[in-house]
Amino acid sequence: MAGKTLVRIALAVTMVSGVGLLSVSAGAGASSKVTITVWNDPLAAGSVGVPASKSFLTKGVELFEKANPNIKVDITQEAFAASTQFETLLSSSEIAGTTPDIGQLYVGGQVEQNAKFLLPLNQLLGQSYINSLTGWQFVSKNYKVGSTIYAVPYGQGYYYAVYFNKKLFRQAGISLTSLPTTWNGLVTLAQKLKAKGITPFEFGEKEGYFGAWTQDAMMSGLDGNAGVLNMYTGKQSLNSSLLIKPYTAWHGLFADGLTNSNAATLTYTSGVAEFAAGKAAMTITGEYYDTQISKGLGASNVGLFPVPALTGAKYPKSLSGGPNNAYVLFKNAKNVADCIKLIKFLTTEKVQLLGVNELGQAPNNTNFKVTPSFAASQPLLADLNTYIGTDHYALDEAFDNVMPGSICSYWYQTNNGVFEGSLSPSSAASSMEAQMKSYLATQSTGG
């Protein structure tokens, strides 16, 4: 689905190779026990180098089983949730009647596209619980608050930001307290760094993900959630300034020599690693790389600020990215009340805090507050929450969380072409609209 999702999958593949089936239970399991079956994506058990046995999901389930000795929870690793293998697995398991009770999907497009397999949750969850979490719009039918809820979001989400190397900023005489709030200001800052002999940006755009993260932020600034949601329903053309302006700005960084020279052919993992090694002053990514970047540069030497808005933005103070993960109940779920009990437990602040290092995101509980101890252990997340809570930046969902997977995949391909100059912004936007029209036509005929 989303570029960030694909990144998490690749991280999981790298870090969890060899982890196949994971079973978590309280004991031998008497026949009187209720058993709940869960499909988990690799990002939630053994992600980012954490062994599956020590992941937040495993720990959360163990705590749940201890508090509920009559319930046994079996977790099996699903095919990567944003892959065609998962789609095949889900369809075949529905036919065979082997779909588990609970699954982990990605908010937005993946939940929407699989809604026919999912149990509506509004009445099962209750309004007081719904009020205790954020992020419901993007797990609800047609992305409308108050409509049918198909999943429970967990985690505050990932928001794209400019990460910067404080040492290189100081070396170039750039103030750490007066950071750019416009795209033009960011370009001017990059030019100043270049004049000092410092590479302004480090990217790895081979797969098109850095372009996705950067342009997601630009689109949110230009039109908030409205533009992306209208494009999803076909009310607004993708062949518009909402795509053309971000494409143009993205190409400009490379064309003006403000990035590493091999950015167009470097993989995204290498791009992040090179920035974490101190090869450039800035990069643009999400919080799933906080740990790697902080370890590489030193926690005290890295900062972040929101991706600045383009000229003409309706929402100059916005963060794009949004909630990423969700639990769903499949329609054939057994012991539904116990499943809901488990989901509610796994989304408590206590359990979500167990996964902060693993997932790179704060809890989405409405009562969550950044404490001094949290800020000390997670300075980048604390900085992000200052922009959200104190500076009142609007929170928007990313284009590639909302859009169908096939459209996202095509978009990533265009990002690389536009970046290195083989595809013009207008041509890319036109081809994106053609792809979207084809997708909508297929949907309307039930294909």
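The discussion below concerns a predicted model.

Reader: Why are helix 19 and helix 20 called roughly antiparallel?

Author: The axes of helix 19 (residues 405-420) and helix 20 (residues 425-444) come within 10 Å and cross at roughly 170°. Angles over 145 degrees count as roughly antiparallel, and helix 19 and helix 20 are therefore described in that way.

Reader: Which residues of helix 19 and helix 20 meet?

Author: From helix 19, S406, I407, Y410, W411, T414 and V418 take part; they meet P425, A428, S431, M432, Q435, M436 and Y439 of helix 20. By class, this contact of helix 19 with helix 20 has nine nonpolar, four polar and no charged residues.

Reader: What makes helix 9 and helix 19 roughly perpendicular?

Author: Helix 9 (residues 209-233) packs against helix 19 at an angle of about 100°, with the axes 8 Å apart. The range for roughly perpendicular is 65 to 115 degrees, and the term therefore applies to helix 9 and helix 19. In this contact, W411, Y412 and N415 of helix 19 meet Y209, G211, A212, Q215, D216 and M219 of helix 9. The contact of helix 9 with helix 19 comprises five nonpolar residues, three polar and one charged.

Reader: What is the volume of the largest cavity, and which classes of residue make up its lining?

Author: The volume of the largest cavity is about 40 Å³, and a search of the whole structure finds two cavities of 30 Å³ or more. Lining the largest cavity are Y154, G155, Q352, G355, V356, L359, Q361, A362 and P363. By class, this lining has five nonpolar, four polar and no charged residues; Gly counts as polar here.

Conventions. Residues are numbered from 1 along each chain as its sequence is written. This is a predicted model: local features need pLDDT of at least 70, side-chain atom pairs count only at pLDDT 80 or more; totals for chains, interfaces and linings use all residues. Side-chain values use heavy atoms; hydrogens and water are left out. Axes are lines fitted to C-alpha atoms, for helices over the stretch in contact, and angles run from 0 to 180 degrees between N-to-C directions. Helices (H or I, at least four residues) and strands (E, at least two) are DSSP runs, numbered from the N terminus. Angles under 35 degrees count as roughly parallel, over 145 as roughly antiparallel, 65 to 115 as roughly perpendicular and the rest as oblique. Contact means heavy atoms within 4.5 Å. On a 1 Å grid over the protein atoms alone, a cavity is a set of points where a 1.4 Å probe fits but cannot get out, and a pocket is an open set with protein on both sides within 12 Å along at least five of seven lines; lining residues have an atom within 4 Å of a point. Grid points are joined across faces, edges and corners, and a volume is the space filled by probe spheres set on the points.
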